[in-house]
Amino acid sequence: MNSNRFKRLGLFFLIICLITVSFFGCKKADKDLTASLDDLSRLEYQDSENKELGDIESIIEYGSNGLVAAHYPVFDKTNIDLTNKKIINKHIEEFKKNVASSSSRDKNYISELHIDYETYSAPNNIVSVIFNILENSSYLAHPDVKIVSKTFDLSDDKEITLDNIMQGEYLEYIAQISQAYFKENAIYKDNTNESIFKEGSYPSVENYSNYILKKDSIIFKFQKYQLFSGNFGMPSVEIPYIDLKDYIKPELLQAFTGEILNKTDLDIKKKPQEEKPRHDITIIKRDIDPSKPMVALTFDDGPNKKTTIPILDTLKEFNGVGTFFVLGNRVSNNMDILERILEEGSEIGNHSYSHKELTKLSYTELSDQIVNTQNAIIKATGIKPRFVRPTYGSYNDNLKSSIGMPLILWSVDTIDWQSRNSKKVSDHVLGNVKDGDIILMHDIYESTAEAVKIMVPELVSRGYQLVTVSELFETRGETLKDGRAYFHKR
Ligand code: ZN
């Protein structure tokens with residue numbers, strides 16, 4: 001239903017665009033108008049969905065100096081994990097510095113840094129990580145998008161480059177294939193005589209530094225403005241390893257191409273990956289006394305193995321439940337936790353795919369953030385979330401109607417992400433809680449898991465029933481309506 005709504009909105013927008021274009025009747029207007037709509041932002045920034053390897057860590061901050069949502073992989077490998085964390089930290093620091101130095105000029109603009117990533121597994125225990133970095137700030141004329149990629153050898157816990165895999169004049173050959181691809185491609189070919197293309201595709205290590213090694217092929221990605229003007233986004237070229245066999249090091253040739261040097265007919269059949277069958281989850285109908293006080297504990301930005309599981313343990317011990325507003329990009333790595341949340345009577349809500357500031361997005365981007373998360377959760381659990389918690393608590397009338405689901409905000413904000421102090425968080429809840437409150441916490445901090453251990457027994461001993469958001473409204477006879485925002489149910 002929701003994806004239909006998005007389709008309808010998209011169609012509506014397209015029609016408006018076409019009417020406007022035909023009204024102005026000029027080719028220039030056509031291009032500019034299209035550029036301001038969905039297609040361009042799609043080209044510029046793709047959400048990351050592929051996370052073949054590693055666990056996901058997230059840094060999410062709501063500072064007055066800017067919003068940060070940065071996701072990165074961890075492999076339990078000391079050097080590799082440190083390298084990735086350094087990349088993330090470097091960008092966050094630079095962003096904060098930029099925001100701080102420009103904040104006096106633009107008090108009303110809230111800047112946003114968003115980093116997501118993809119991981120790909122390649123032969124020989126090699127993994128590629130590509131970070132998509134989006135900076136949306138008042139000091140930039142347009143959102144700045146760029147990519148950073150790294151390739152690692154998991155066996156040796158170290159970063160590797162193409163030089164470790166290939167030999168000879170491989171760079172020249174790769175440049176030749178890439179240039180030919182763009183020259184033959186209808187979208188790009190008219191722009192391949194420009195000097196920007198010649199310089200950006202010249203066979204240098206730097207020009208070909210962003211690549212992803214996959215199982216059967218390598219993808220070279222190019223920065224925005226590296227080969228073409230900005231409206232072409234970030235183009236890429238995919239080359240099967242078999243086409244590079246003359247340049248792959250002999251000792252790796254069989255692993256990458258299935259070919260042995262001097263050739264044989266060795267047939268390496270790949271076993272298709274079997275998906276673990278998900279069993280059906282039955283939602284428990286719990287007994288709740290509507291005349292007694294109740295409170296809805298809610299947890300955003302997870303799930304996270306280290307911290308969501310202890311929270312579930314505490315809730316279970318005291319016969320309570322909560323509501324977990326999960327990020328879509330954390331779902332595939334944490335399917336078991338999602339199952340457990342539902343099996344134990346807790347609830348799952350939608351908190352976007354990768355924690356972008358939703359009010360700044362085009363319809364297409366918004367649809368990606370919301371619908372992809374719904375789909376990820378449905379795929380993991382078979383259960384469709386009923387509501388959305390907007391990222392950073394930020395929403396407006398437009399967002400309410402575009403999302404077309406109830407928005408769940410809160411009446412008690414623990415600010416746990418800032419204090420990271422279990423006593424402060426539990427004191428805040430116990431000192432402010434009232435019947436019918438919705439309490440905001442984040443299940444990605446150990447301090448919050450500790451705070452839950454303190455507050456839950458106390459809330460229970462004060463007679464509070466710990467309920468889900470749905471239970472809170474249902475037992476008090478209110479039906480949540482699409483396109484409306486809710487803060488509590490007294
Ligand atoms: Zn959040």
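This is a predicted model: local features need pLDDT of at least 70, side-chain atom pairs count only at pLDDT 80 or more; totals for chains, interfaces and linings use all residues.
Biologist: Let's start with the metal. Which protein atoms are the donors of the zinc ion?

Modeller: A donor here is an N, O or S atom within 2.8 Å of the metal. For this zinc ion the protein donors are D301 (OD), H351 (NE2) and H355 (NE2), lying 2.1 Å from it. D301 sits in the loop between β10 (294-300) and α8 (305-317), and H351 in the loop between β12 (347-350) and α10 (363-381), so this pair ties together parts that are 50 residues apart in sequence. Written as a pattern, the spacing of the donor residues is D-x49-H-x3-H. Keep in mind that water is not among the atoms, so sites may look incomplete.

Biologist: Are D301 and H351 buried or exposed?

Modeller: Buried is the label for under 20% relative accessible area. D301 and H351 are both buried, with D301 at 0% relative accessibility.

Biologist: What about the backbone of D301? What is its phi?

Modeller: The thing to look for is a positive phi in a residue other than glycine. D301 has one, with phi near 80°. The loop between β10 and α8 also holds P303, and the peptide bond from G302 to P303 is cis, with omega near 0°.

Biologist: Where does D157 lie, and what is its phi?

Modeller: D157 lies in the loop between β5 and β6. Its phi is positive too, near 55°. D157 counts as buried because its relative accessible area is 14%, against a cut-off of 20%.

Biologist: How many bridges join β4 to β5?

Modeller: Ten bridges join β4 (residues 126-136) to β5 (residues 144-153), and the two run antiparallel. To find your place, take N132, whose bridge partner in β5 is I147.

Biologist: Now a helix with a buried side. Which residues of α13 are buried?

Modeller: List the buried residues, then see where they point around the axis. In α13 (residues 422-432) they are V425, S426, V429 and L430. Their arc around the axis is only 120°, so they sit on the same side of α13. Turned away from that side are the exposed residues K423, K424 and G431. The cover over the buried residues includes α12 (416-419), β15 (438-442) and α14 (446-461).

Biologist: What caps the N-terminal end of α13?

Modeller: N421 does: one of its side-chain oxygens lies 3.0 Å from the backbone nitrogen of K423.

Biologist: One last residue. What does K489 touch?

Modeller: K489 is in the segment after β17 (485-486) and is buried, with a relative accessible area of 18%. Leaving out residues up to four places away in sequence, K489 touches G436, L472, F473, R476 and E478.

Conventions. Residues are numbered from 1 along each chain as its sequence is written. Side-chain values use heavy atoms; hydrogens and water are left out. Buried means under 20% relative accessible area, exposed over 50%, partly exposed in between (1.4 Å probe, protein chains only). Helices (H or I, at least four residues) and strands (E, at least two) are DSSP runs, numbered from the N terminus. The arc is that of the directions from the helix axis to the C-beta atoms. Contact means heavy atoms within 4.5 Å. A polar contact is a pair of N or O atoms within 3.5 Å; within protein, one must be able to donate a hydrogen and the other to accept it, and residues adjacent in sequence count only if both atoms are side-chain atoms. Donors are N, O and S atoms within 2.8 Å of the metal (3.2 Å for Na, K and Ca); water is not among the atoms, so sites may look incomplete. Two strands pair if DSSP finds at least two bridges between them.
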